[in-house]
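Here are a few friendly notes to read alongside the model.

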Amino acid sequence: MGYRVGIDIGGTFTDFTVIDQDGTMAIHKVPTTPWDPTEAVFAGLTGIAANRGSDLQEFLAACERVTHGTTTSTNAVIQRAGAKTGLLCTEGFRDILEIGDGRKPEVYNLKLRKPDPIVPRYLRLGVPERMDYSGAVVRDLDEQSLVEHIERMKAEGVEAVAVAFLWSNVNPEHERRALEIVREQLPGVPVVASSDVLPLIREWPRTCAAVLSAYIHDGIASYLGRLKELLASNGLKRQVLIVQCTGGSATVDEIVARPVYSLLSGPAAAPVAALLFADGVGSRDIISIDMGGTSFDVCLMQHGDPIISNELRLTGIPLGVMATDIHSIGAGGGSIAWIDSGGALSVGPRSAGAHPGPACYGRGGELPTVTDANLVLGYLNPDYFLGGAMRLYPEKAAEAIRLHVAEPLGMSTTDAAAGIFKLVNFHMVQGIAHVSVERGIDPRGFVLVAGGGAGPAHAGMLAEELGIRQVMVPRQASALSAAGMATSDVTQDHMRTLSIESTALTAEQVNAIFREMEEEAAANLATQAGIAPDRIRFRRFFDASYVGQVHELMVPAPDGDIGDIGELVHRFHEAHERLYTYRIETNPVQFYHWRIRAIGAIEHLPRVEQPDAGPDTTHARKPARRAYFESLGGYVETPIYDGALLRRGNIVIGPAIVEDTTTNIVVFPGHQVTVNRFGDYGYTVGSS
Amino acid sequence: MAVPMTSAQTSASSETDPITFAIFRHALTAIGQEMTVALEHAARSPFIALQRDHSCSIYDHQARLLNLEDALPVHSVGGNLNILEIMRLFPDDINEGDCFLVNHPFYGTTHLGDLTVLLPVFAEGQHVFWSVVRAHQQNVGQAWPGFTATNIWQEGIKVPPVKIFDRGRERHDVIRFYLENVRLPDWLRGDLLAMIGSARVAERRLLELTSRFGVDSIREHIEALIDYADRRTAAEIVSMPDGVYVGEGWADSDGTGSFHIYVRATVTIAGDMVSIDFTGSSPQVDGSINSSLGAMRANAAMGVLSCIDPTIPHNEGCLRHLNITAPLGSVTNAAWPACTASCTVLIGDVISEAVWKAMAQAVPDRVPGGWGRWNVSNTGNAGDDVRFGTSRPYMSSVMAGGSAGGASKGFDGWPLTQTACSLGAMKAESIEMRELLFPNLVEKAEFAIDSAGAGTWIGGYGIELRLRPMLTPMRCTVGGDGHLNPPYGAWGGSPGAGGGAFVENADGSRTFYVGKGMYAIVHPDQIWSTFSTGGGGYGSPLNRDPELVREGVRGELISRDAARKIFGVILDEHDAIDYEATAGQREHLRPAEHVQPYQPAVAGAGRWLESMKTGRDTVIHEQRPSYLNKEISIHVR
């Protein structure tokens, strides 16, 4: 057994989580280097090695797993900075990307920009060819025009090609042939077929999945290739794994084959860690929040399963794939407070990022941020930010708030800071409500797992407003995603289309289709990631509706072979009634898609338990300072505790502040913190 | 992310703090969304499940609209009328466990197609809310499909408010009575179950909300929510210049041979009130486009609500600032027993267009170029599906060929927005789903060149859709509008191209259909071809970024001819912009006269048919059916 490392590149910091052979976890943070993210990766790894009295070569050689989350591809899509991409589609259907599902969001907003379709129309070229719904060829592939289109793309300097024909999910033959021809004609240009990425019915999401994959292919392939090469040349003997939007990780080769899975992947790892940490309080109903420098990500898990969705979109473009449903809003420590044209205070979504950062960083940032407000309110220790690694300048924070918020609003700097704190909390409460209350889920019985550098300063207040009683702040809170990466399973999703009614379907067909996918996935995981077959488990799903309905429901199928099709039909009725209040037993069921997720489970190391040290906390007391609490009427002398010295059983009563190396817990009046057996902070709202 | 911090903007009264208020407000929005998902996913018929022709809304016990965020504008603004009728017909007989059904346009519904489920929600023994689900049905038991009815009895089964649940007991007899009178009863039964299910989802959530806050607090928050929208709407309207503004529009036809049916909107802005009056509009017609009261009010209100800050919640507080009237017996407010089957879209789009044209004079920056109307493809096709051994009848609307939205100042229009009465809220089915569910082969679904209204900002493009029936013939209903009277261009923008439909024969000759109330029988060796209307442009095309015009030419969406003659952009043989020649051309084209708020301002300006028709083609025009002249009126109630 060696080290397990998770590396998460955020907008502000690059976070590392290292799990030692004995199961202890440590975190490390360095500022993100946007011009070349690998710079921060190497600075961080070198630092970690040095902390262990070793060098980079030696440390990497001792690593068993290095899992990385990257925002390279997501940013490429957001900034439309991917490759110049061409689309070969069925003739007569050049506009699938722009037509979409015909729905304009924000109905009453007549000033809404249409999503940029990524591929301009002159590079969307229709090829004479056609299949029907059954996969039968209606029109042969016209290879001559295909070649002409490729010529045109070549002349236009196209750097990547997507091929997405109608009904390729049922019969991929024409797409396969087109792929061959493109490869012959445009050697070195990446080409992605929709049937390889998302072989499901509905041409819009399938085309999007192919186009996105082609668009980001070179960017992600070269970035990951470079990272892999650099890590290998510096001693890493194992593969680098990349976290996917499903929360599971995959090899670089797998990501390069289906790049769409790397989109929106960063935040998907946080829930993995939240689940692990919440084990400490024995709960599997969890809301994980991750408040970093730029954004606030929320994920809800019921019975340990994150909500999954195949409706995720990025800049209006659907990903199509089944992903962990993370809700993200532009609220973080770096979010800038400003006064809008109507004279109202606003916070975010613009962020000061790492450079120049909040005013209090003293790096030239002049605009007030949430971090500046927290500093003015006394929630942060200017001499102990990142464990003292970075000095903060309270006078710069106060000045920025005074100049840009307090004076324009005619209020004191303190009231302005308190307003910023309250307003950003309001946005986050709404973000949490979006994944819970707005889905009909009452958040009050859930445990709020607070992550991100800034999360634990706000979590208590968020919980109070939502009626949540229990908050969990892991020691690794500030690197929640990185911790999730270090502990994520290797997963692979496979899917097939077989549209058939329950009356015509046999158990043998179902078993065969699932087994075929499972065998393929197992073979992939074995060859690519070296995962032994006995470490792989499978989850089976099917998409179905009542015959005559047109929206399918994704339903978990039993593990392993079924004896009778009735087992699936029964599960469908159950799911339909649970979600939509009724079932029609007499109605046959229409099946559409079959999916499996192969999970190469990693062996979790037992977490290290501490001996009970009792409730006394005097050993961890630091000099008190004044901090602002609205319910107490303003600034009060507030006890400060050194988190590093707090032990299992220690109890901190609010108002108080716990300063850990990379995070800061504000314990609000009436709340309390009890350190649990793993050393994590169990935070209770109200006296328990 | 901006949240105003002044108490005047965040909450309404001293009893409600901003956070609780925000939770209540957003909870209602979320419930509307959850109802919608439950309905859409559980429904059987494509109208609801695929095309979103439905709305879920929440009213309080006094029939005041509380939430409409996720709804089709035409469905819900006037939805209080149904509730008021129920209150009138069931005095002291609205009880916990009841559920009502209604589709009758003279009892407050928009048109017969929009079946509505209304469920009173009781908490602590008090009636607090109404949960309302309205959904367009695939069939209403009409005599003939399409636009052929000339009185309300021919339009289908009329359901005045009836109880389908009475104190929790299901009225099987009433439901059976309804289902016996419609085609496809199995589909419609599934849809009805989905609608009731959706209303119950809302009930469940609303009860959670009331148990969390208590009924008294909920009632305070209802007032606060209404006051909040009231105040913000008032501020918006006060900022508009007072005055009397007139807008005019024309429906192409009514299905029985009347063409260019006139709608006149007089909009008076005074202080914090907007009054809209339709005096001067055409008298009601024989065909089915006459507006019900509910649909007229909703479509007129949309013309104003779309001009105020979209973040203002659309509830009773907004509607208080609108005073909408139309003379009874006019096409905008038909008297019993007129036909209203297609009024939501087919006079509805003209009603909202006339209001927009008036509003454009008051708030030029906020009103878009005209939107395409309900297209001929949408009116549907039907036939028998014999692909799977048996013969199954099918009916569908081809939404994938719908019309486009207009441009707004600063923004190009969206394609496939279908109709202004939905403001883009409807969805189109995927091509593959259509081909799996129906025996249709779609041969083309692409933007049509030069179909968008030109402008500094251009309208959305119309869609050319070619549909071939598989194995058996299909019957296509000819309807749709905006072909002869295409969407207006605003402030110098051009109107969108009209559009229309034809059957293409194996020999390439074509039969065009102009108007409504006809069928085209299309055989497997023929193609049903529809061109939807592009949206109107905004601002002079001579001010459009030449780079965007070039992109349009390269993408084969703007012809070189249009680039030169309409946009004044000259490209060389390598598609590069000749800036000097462009400047000269633009100077040459620039009109001397004053820019009008909208154009055209006359009826019948569409030129699509002339641009398409060749000597080999034939044209079939909408006729006045002979029976209309002979029918003896027995309009006695």
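1. Two strands count as paired if DSSP finds at least two bridges between them. In this predicted model, strand β3 (residues 99–102) of chain B is joined by three bridges to β4 (residues 114–123) of chain B, and the two run antiparallel. Within this pair, B:Leu101 sits opposite B:Val117.

2. β3(B) also has a partner in β6 (residues 162–166) of chain B: three bridges again, and again antiparallel. Here B:Phe100 stands opposite B:Lys163.

3. Now to the interface. Here 84 residues of chain B are in contact with 71 residues of chain A. The area buried between the two chains is about 7,100 Å², with carbon and sulfur atoms giving 61% of it.

4. On the polar side, 23 residue pairs are in polar contact between chain B and chain A, both residues at pLDDT 80 or more. Several elements of chain B, including α7 (185–213) and β14 (440–447), each supply at least two residues to the side that touches chain A. The most comes from α2(B), with twelve residues. By type, that side of chain B divides into 47 nonpolar, 14 polar and 23 charged residues.

5. Six salt bridges are found across the interface. One to look at is A:Arg94 with B:Glu556, where the closest N and O atoms are 2.6 Å apart.

Conventions:
Residues are numbered from 1 along each chain as its sequence is written. Chains are lettered from A and ligands numbered from 1 in the order in which they are written. This is a predicted model: local features need pLDDT of at least 70, side-chain atom pairs count only at pLDDT 80 or more; totals for chains, interfaces and linings use all residues. Side-chain values use heavy atoms; hydrogens and water are left out. Contact means heavy atoms within 4.5 Å. Buried area is the accessible area (1.4 Å probe) that two parts lose on being put together, summed over both. A salt bridge is a side-chain nitrogen of Lys or Arg within 4 Å of a carboxyl oxygen of Asp or Glu. A polar contact is a pair of N or O atoms within 3.5 Å; within protein, one must be able to donate a hydrogen and the other to accept it, and residues adjacent in sequence count only if both atoms are side-chain atoms. Helices (H or I, at least four residues) and strands (E, at least two) are DSSP runs, numbered from the N terminus. Ala, Val, Leu, Ile, Met, Phe, Trp, Tyr, Cys and Pro count as nonpolar, Asp, Glu, Lys and Arg as charged, and the others, Gly among them, as polar.
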